[in-house]
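Please open the structure in a viewer and keep the selection tool at hand.

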Amino acid sequence: MRLMGAHEIRMRLGGISRQRVYAITSHRAFPAPIAELQQGKVWRASDVEKWIAKHRPELVGEGDDEQ
């Protein structure tokens, strides 16, 4: 299982700001994190990719080299 933290999500969404990634990941439409560690929340990469496909379709395929 591949996981993503806020930094990986920021980079996957084109290097958006920390504030913007916090706003996106806090929205009820964004997948729930699977764990909250001392370093922060983590999400299943597959859940994040499904969200990107629905909400940011122009970014689909850009993260494929990391899988």
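Select L3 together with R44: in this predicted model, L3 stands opposite R44 of strand 3. L3 itself belongs to strand 1. Now display strand 1 and strand 3 (residues 40-44) as a whole: the two pair in the antiparallel sense over two bridges.

Return to L3 for a moment. Is L3 buried, partly exposed or exposed? With a relative accessibility of 43%, L3 counts as partly exposed, because that class lies between the limits of 20% and 50%. Select M1 and I34 along with L3 and show the surface: M1, L3 and I34 make a nonpolar patch of about 320 Å².

Move on to strand 2 (35-37). Strand 2 pairs with strand 3 in the antiparallel sense over three bridges. The hairpin that joins strand 2 to strand 3 passes through two residues.

Three strands form an open, antiparallel sheet in the order 1-3-2. Strand 1 (3-4) and strand 2 stand at the edges with a single partner strand each, so one side of each has no neighbour in the sheet.

Finally, select helix 3 (residues 45-55). Helix 3 lies across strand 1 and strand 3, and runs at about 75° to strand 3.

Technical notes. Residues are numbered from 1 along each chain as its sequence is written. This is a predicted model: local features need pLDDT of at least 70, side-chain atom pairs count only at pLDDT 80 or more; totals for chains, interfaces and linings use all residues. Side-chain values use heavy atoms; hydrogens and water are left out. Two strands pair if DSSP finds at least two bridges between them. Helices (H or I, at least four residues) and strands (E, at least two) are DSSP runs, numbered from the N terminus. Contact means heavy atoms within 4.5 Å. Axes are lines fitted to C-alpha atoms, for helices over the stretch in contact, and angles run from 0 to 180 degrees between N-to-C directions. Patches are made of residues with over 30% relative accessible area and no salt bridge: like charges are joined within 9 Å, nonpolar side chains (Val, Leu, Ile, Met, Phe, Trp, Tyr) within 5 Å. Accessible areas come from the Shrake-Rupley method with a 1.4 Å probe; for residues, only the protein chains shown count as cover. A salt bridge is a side-chain nitrogen of Lys or Arg within 4 Å of a carboxyl oxygen of Asp or Glu. Buried means under 20% relative accessible area, exposed over 50%, partly exposed in between (1.4 Å probe, protein chains only).
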